[in-house]
Amino acid sequence: MVNRKVAKVLTFRYKILAGIFLLLAAGLVLLPKYEKHEGIKPEELLSNAISPERYISTDELANKIINQDPSFIMIDVRNETEFNKYSIPNSINIPLKKLLDEDAIGYLNQNQYDVIFISNDHFYADQAWVLCNRLDYKNLRVLKGGINNWYLTIINPTKPTENMPAEDFELYSFRKSASMFFGVVYPEQLKIEKKPEVKKVTPKKVIPIKKKKKMPVEGGC
């Protein structure tokens, strides 16, 4: 049993290692300029890549945007066509194949802002992270799940069912508010309150009272 557990752990680690180098290899194909640069050692790159802290959740990012946090910039590494169809507000489009162009380096190789890489899921964003981390650029993050997860959690959040814990309702409440911040309109927002109907009062008919005619006085002196 122990050997099997050890084998599973080793297999898992080898898969992580293989995945990282596959990402790096793919990036090298896309970015031939990469070989001109020097950077950190592969062991350090692997150590950085294993850390879960390199990911940022959609909820964290939405909260930063809503609160106008000035400490970060978003780099969308999708192609221009995909970026123009939909993008997170205030993100900057630098396609992956242009990541190491001179115009892009200023955004990436700096220590003033955190850089959050974005793609449809997080596959290409991961490649951007690996390449920039290899060059020893600092403060790099990846949006976990990318635009796809952003849409599912922030733009179109799923309402929890009645039997779910209170935490899920709190999270849904935040996500719903965030979605409205980003322009989503819910049906209840379109309902116009009906003004109370004012009943028309039918005026009462005034029936004039006819005065009785005075009868002539009979007789006399």
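Leaving aside neighbours within four places in sequence, Ile 116 touches quite a list of residues: Ile 56, Leu 61, Phe 72, Ile 73, Met 74, Ile 75, Arg 141 and Leu 143. This comes from a predicted model. Ile 116 sits in strand 4, which covers residues 114-118. With a relative accessible area of 1%, Ile 116 counts as buried, because the cut-off for that label is under 20%.

The chain has 221 residues, and 32% of them count as buried. Among contacts with a separation of 6 or more, 66% are between residues 24 or more positions apart.

Helix 8, spanning residues 166-181, is worth a look of its own. Its 16 residues stretch 23 Å from the first C-alpha to the last, close to the 22 Å expected at 1.5 Å a residue. Which residues of helix 8 are buried? They are Tyr 172, Arg 175, Lys 176, Ala 178 and Ser 179. Viewed down the axis of helix 8, these buried residues stay within an arc of 160°, so they line one face of the helix. Over on the other side of helix 8, Glu 167 and Glu 170 are exposed. As for what the buried residues pack against, the partners are helix 3 (58-66), helix 7 and helix 9 (187-190). After helix 8 comes Gly 183, which has a positive phi, near 105°.

The pairing of helix 8 with helix 7 can be described in more detail. Helix 7 takes in residues 146-155, and the two helices pack at an angle of about 105° with their axes 8 Å apart. Angles of 65 to 115 degrees count as roughly perpendicular, so that is the label for helix 7 relative to helix 8. On the helix 7 side, the contact is made by Thr 153, Ile 154 and Ile 155, while helix 8 brings in Arg 175, Ala 178 and Ser 179. Sorted by class, the contact of helix 7 with helix 8 has three nonpolar residues, two polar ones and one charged. Arg 175, Ala 178 and Ser 179 also turn up among the buried residues of helix 8.

How values were computed. Residues numbered from 1 in each chain as written. Predicted model: local features only at pLDDT ≥ 70, side-chain atom pairs only at ≥ 80, totals over all residues. Heavy atoms only, no water. Axes fitted to C-alpha atoms, helices over the stretch in contact; angles between N-to-C directions. Helix = DSSP H or I, 4+ residues; strand = E, 2+ residues; numbered from the N terminus. Parallel < 35°, antiparallel > 145°, perpendicular 65-115°, else oblique. Contact = heavy atoms within 4.5 Å. Nonpolar A, V, L, I, M, F, W, Y, C, P; charged D, E, K, R; others polar. Expected span 1.5 Å × (residues − 1). Buried < 20%, exposed > 50% of the residue type's maximum accessible area, 1.4 Å probe, protein only. Arc of directions from axis to C-beta.
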